[in-house]
Amino acid sequence: MSGDVQPRKRKDKRRKRDDDESSHGVHITKMGNEDLHLHVHHEHGTGGHWCAKIIFFALMAVLLGLVGLIIMENRGLEDLDTPLSESRFSKVFDGWVDEHRDDHDAHGAHEPSGEALDDHDDHDEHDEHDDHDEEEEEPLSEELEDEIEEDEEEPAEEEEPEADEEDEEDEDEDNNAGENITGEDAEEDEEEDIEEEGTVEATVEATTEATTEATAEYEAEDEEEEKAEADEDAVESTEAPPSEAEEQEEEDEDEEDQEEQEVEESVEPPRSQSAAQSSPAPDDNDDDDEDEEPNNDDADDDDFESLDQQFENDPEEVEPKQAVDSQEDQDQDKDDDEEPKEEGSSWLASQINPNEAAPVAAEKEDPFEQELRKANEEMIRENYAQALRSFNTLTTNFAHEPLAHLGRARVLELLSKEERSNKRLWEAIDAYKRYLAFGELVISDHDFTSAGESCIENLRFLGYHRQATTIHELLINRLPKDPRLRNQLSLTHLMVNNLQQVEKVAEETLKDWPTNAVAQLHYGLALRQLRGDYEKALPYLKYAVESQEEGTQEAFFYLSLGETLQRLSRQSEALDVYRKGVAKGFFASLYQRSLYNEPRLKAQPFWQPTETGYERQLEKLQLNWRAIRDEGLALLGRSGFFEDEAEQLRDKGVWQQFELYAQGHRVKDNCRRTPITCSLLQEFPESGGCRRGQVKFSVMQAKTHVWPHCGPTNCRLRAHLTLVAPEPEKTSLRVAEQERTWREGELFIFDDSFEHEVWHNGSHARLVLILDMWHPELTPSQRRSLTPI
């Protein structure tokens, strides 16, 4: 620009401004020949110098805009690996930005669905807001240019009045900066904070009001002056770089519009892809992934379905869904330039086969049936601990399913046997009861009765026969036409010697099924033991045992039939029955017919003290036989202490006893009455602690006969310490085929598991101390584990 044009232009503008100020009340002060100091008063609410604020915020917007453009250019996770030197703004930030980057692989799998989408959303909001600001501020750009020129011109004139050419160059640069700022302000303000944008807008609006008044006269000028100024601006624009920046801005605007459209169209697919990367694909039919669902909070219901809904659909409906997901994944991969994916999701995607998923979906396997099958397999493999955990889970998650409780009961029963634990057995009984409580909801009669019978057997074992009768009645009510269930009830009553109920139940059963062998057996036992009617009982017992039917072939029934024949003086027939029992393995021998036995224990009718290993204890008792006798006679002289024998072993006469120890426990009240005897027994724990025996005073009156009988177990030996025996030649004890008699102060030992019989044909009572002791061949662990008798 020539030197003549610029001073003339400045003078013309100064003249116009003087006219405006005079018309608006502007105070003018003469500073010299050509310089003026202007005091312009403007009413606006911005405070301070508004031009400085505009310049400050404009420069800040430029800086933030450049940063925003760099971010937008390099957005996307794939640009993290792009060198900064490749950016078209690299020269601007040369030396400002450290290009050092951490290795992305060290961070593991990257998920773009979270923060990246938030950045896109925030950027979209800035774009919309900045576009709106650009539309509002665009008409003011020319007015602001002139105003900025005037304000920047004044300080230069005051400081250096004689340097006109330097002022003119500074003015040109300021004008160009003003034009760049006002023209590019809205476009480069993308990443500026919302509060700062509001401040700039308020400043611009306030400035616009003042500037409009100050520049109103410019519109009235003649066309020549306007044309001169337009030419001058055109010349200035050729010297400044805004033309190149405007081209870049137009490219950025087009790119931003395209990116904005892409972001709006691809907001949902990235989230679906993120869900697919962070969790298994919804079409995977693996059992472990049944409960997992894709994260589709913001997605279309048509595009994202739960696993349960997919399994209900036909295979043809599943494949289009997979195609849609695949297309969305491809679009997202294209937008993100193949961003890194998780290795797990890649492996999982390689395992998914839609053609294999269809048959599983068609089968619709019940989750309960599937878990039940697995638990049963563990039980079959005898992995009882794992099976129990599985059944515990089933009973918790499927408490309404009877089979879950049945399986749990069975595995607990097996565990109780393996661990020899009564606690486990009680848990099994409780589980059986829970299963039986379903009643009619249990479809299978076989399963119901089987569970009930198992529960009954366990209750019998623990000695809770009364609870077992409740289960019996439950089974009978369900299947009233099954005589076997009634016979099981009568057997439970028989085990606790409840003979009245045995007779009642068996008699009712025989009314409907008169030829039922088990009912006849139970009825014959009731007649024999309750009524003592051996003649009437014999045909029922004999018919049942000889029928060989199930439920009649037990050692106790053979023993009962043989004893009935013996009491009817039919000894030879009785021995034939016992021989059959031996052949069936019910008895150890023809005479040793105990029912609760331990194998391979030495068996002989009579024993010597030296054979037992308890010689010292027995000798001490024998030495104190008189003191023991005196305590026994003292009790015998008083009524109410000795009780009748309750096993109905007597043929005739009187046979009574006074217990000191029973099943290994001391009878405290009775021991207080016999302190000497009990103190001696405390030194003999193999006798006092024998849980399958007794220690008692036994008195037998004259003219007494005891039937042939056997003790219940071979785990003990029995000793008799004779206290009173006035007529030894008139009393005798037969054990198997050997006989002995009692003599005062003497002691003998025999095995009462052998058949033995007693006669007392004297005229005076016979008094002995009976001591049961552990069989010497039993180990300590066996003694602890054997159940009491």
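1. Basis. The model is predicted, so local features need pLDDT of at least 70 and side-chain atom pairs count only at pLDDT 80 or more, while totals for chains, interfaces and linings use all residues. Residues are numbered from 1 along each chain as its sequence is written, and side-chain values use heavy atoms, with hydrogens and water left out.

2. Salt-bridge count. A salt bridge is taken as a side-chain nitrogen of Lys or Arg within 4 Å of a carboxyl oxygen of Asp or Glu. The count under this rule is 25.

3. Asp430 and Arg434. These two residues form a salt bridge, with 3.1 Å between the closest N and O atoms. Both belong to helix H17 (residues 422-436) and sit 4 residues apart, about one turn of the helix. Helices here are DSSP runs of H or I with at least four residues, strands are runs of E with at least two, and both are numbered from the N terminus. Asp430 is partly exposed because its relative accessibility is 36%; Arg434, with a relative accessible area of 48%, is also partly exposed. The classes are buried under 20% relative accessible area, exposed over 50%, and partly exposed in between, using a 1.4 Å probe and protein chains only.

4. Glu573 and Arg570. The side chains of this pair meet in a salt bridge at 3.0 Å, N to O. Glu573 has a relative accessible area of 29% and is therefore partly exposed. Arg570 is partly exposed, at 29%.

5. Glu611 and Lys602. Here the side chains form a salt bridge with an N to O distance of 3.5 Å. Glu611 counts as partly exposed at 33% relative accessibility, and Lys602 does so at 31%.

6. Helices H19 and H20. Helix H19 (residues 465-478) packs with helix H20 (residues 483-495) at an angle of about 170 degrees, their axes being 9 Å apart. Axes are lines fitted to C-alpha atoms, for helices over the stretch in contact, and angles run from 0 to 180 degrees between N-to-C directions. H19 is thus roughly antiparallel to H20, a label for angles over 145 degrees; under 35 is roughly parallel, 65 to 115 roughly perpendicular, and the rest oblique.

7. Contact residues. With contact defined as heavy atoms within 4.5 Å, the H19 side includes His465, His472 and Leu475, and the H20 side includes Leu485, Arg486 and Met495. By class, the contact has 6 nonpolar, 6 polar and 1 charged residues. Nonpolar covers Ala, Val, Leu, Ile, Met, Phe, Trp, Tyr, Cys and Pro; charged covers Asp, Glu, Lys and Arg; the others, Gly among them, are polar.
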